[in-house]
Amino acid sequence: MNVPSVRIALLDAAERLYAEHGLDGVAMRDIAQATHQKNSSVVQYYFGTRNGLVLEVFRRRMQQINQIRLEHFAELERLGLDRDTKSLVRALILPLSEFIATCGSRTYYARFIEQALSSISFAEQEEIYLFDISDSAKAVHMHLLNTLDHIPRRIAAERIRLANSLVVSGLANYERKRASTTPTSPTDLEETVANLVDMICGALSAPHTEVTHSQCTAEKATMSGSDI
């Protein structure tokens, strides 16, 4: 196996194993063994640290997804829809869902992203950097921020962050379903995307409820009392 083939095989194995077992459930030697490499340090040779490997797995797919999203966004600008919330949300979701749709019956990428962002040991160091890699998502986020002028900007930014997590979780669940014995069809993915769009648009357009420290304390006391 030549050098490019070894590198690709390691990336494929890492994506699958991390998606199935989580970042903290996979050792470097597990990835080497999955690609039938006798040298257990081969992963360190190509990628350095575990985080270096994870970032490279993320980057490899995201280059294609970035391009798809940029094309979606350019079309929105051409049509004058770059301040339309629903159109922007679709531009956030469709590039990843279209990638999943074109990858056959076995895909792991959404599950891999879900695991990477849920791993405390990784996300605390690299979550911001993952966002920087996805330049097209950053552009969509900024336009969404500018459309959500009915709520404080800090709240809008937090809702967009939560929307990203919902997109990844929803598509990861679809991947899991497709990988199981449960039959799936293209309609299942379309329905998943439609539900994600509707849910996220509803969440983004909702008014902001100002919650004060005293309100939180009172609610906690009420909940505690109801448990007695």
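Colleague: Does Arg61 count as buried, partly exposed or exposed, and at what relative accessibility?

Modeller: Buried means under 20% relative accessible area, exposed means over 50%, and partly exposed lies in between, using a 1.4 Å probe and protein chains only. Arg61 has 21% relative accessibility, so Arg61 counts as partly exposed. Before we go on, a word on the model: it is predicted, with local features needing pLDDT of at least 70 and side-chain atom pairs counting only at pLDDT 80 or more, while totals for chains, interfaces and linings use all residues. Residues are numbered from 1 along each chain as its sequence is written, and side-chain values use heavy atoms, leaving out hydrogens and water.

Colleague: Thanks! Which side chain meets Arg61 in a salt bridge?

Modeller: A salt bridge here is a side-chain nitrogen of Lys or Arg within 4 Å of a carboxyl oxygen of Asp or Glu. By this rule the structure has 12 salt bridges. In one of them, Arg61 meets Asp12, at 3.8 Å from N to O. Arg61 belongs to helix H4 and Asp12 to helix H1 (residues 3-21), so this bridge ties together parts 49 residues apart in sequence. Helices are DSSP runs of H or I with at least four residues, strands are runs of E with at least two, and both are numbered from the N terminus. Asp12 is partly exposed, at 35% relative accessibility. Asp12 and Arg61 also join Glu15 and Arg60 in a network of salt bridges.

Colleague: Which residue forms a salt bridge with Arg176?

Modeller: That is Glu114, at 3.0 Å from N to O. Arg176 sits in helix H9 (residues 153-179) and Glu114 in helix H6, so the bridge ties together parts 62 residues apart in sequence. With 35% relative accessibility, Arg176 counts as partly exposed.

Colleague: Now for the rings. How many aromatic pairs are there in the whole structure?

Modeller: Rings of Phe, Tyr and Trp (its six-membered ring) pair if their centres lie within 6.5 Å; planes under 30 degrees apart count as stacked, over 60 as edge-to-face and the rest as tilted. The search finds 6 aromatic pairs. Take Tyr45 and Tyr46: their ring centres are 5.1 Å apart and their planes stand at 90°, so this pair is edge-to-face. Tyr45 is exposed at 68% relative accessibility, whereas Tyr46 is partly exposed at 22%. For Phe58 and Tyr109, the centres are 6.3 Å apart and the planes at 35°, so that pair is tilted. Phe58 lies in helix H4 (residues 50-79) and Tyr109 in helix H6 (residues 109-118), so you can trace a link between distant parts of the chain, 51 residues apart. Phe58 is buried at 6% relative accessibility, and Tyr109 is buried at 1%. Ring pairs also link Phe58 and Tyr109 with Tyr18, Phe99 and Phe112 in a cluster.

Colleague: And how many residues does the largest nonpolar core have?

Modeller: In soluble globular proteins, nonpolar side chains tend to be buried together. A nonpolar core is a set of buried Ala, Val, Leu, Ile, Met, Phe, Trp, Tyr and Cys residues joined through side-chain atoms within 4.5 Å. The largest one here has 61 residues, and those with the most contacts inside it include Tyr18, Val43, Tyr109 and Phe112.

Colleague: What is Val43 in contact with, leaving aside its neighbours within four places in sequence?

Modeller: Contact means heavy atoms within 4.5 Å. On that basis, Val43 touches Leu10, Met28, Ile31, Ala32, Gly48 and Leu53.
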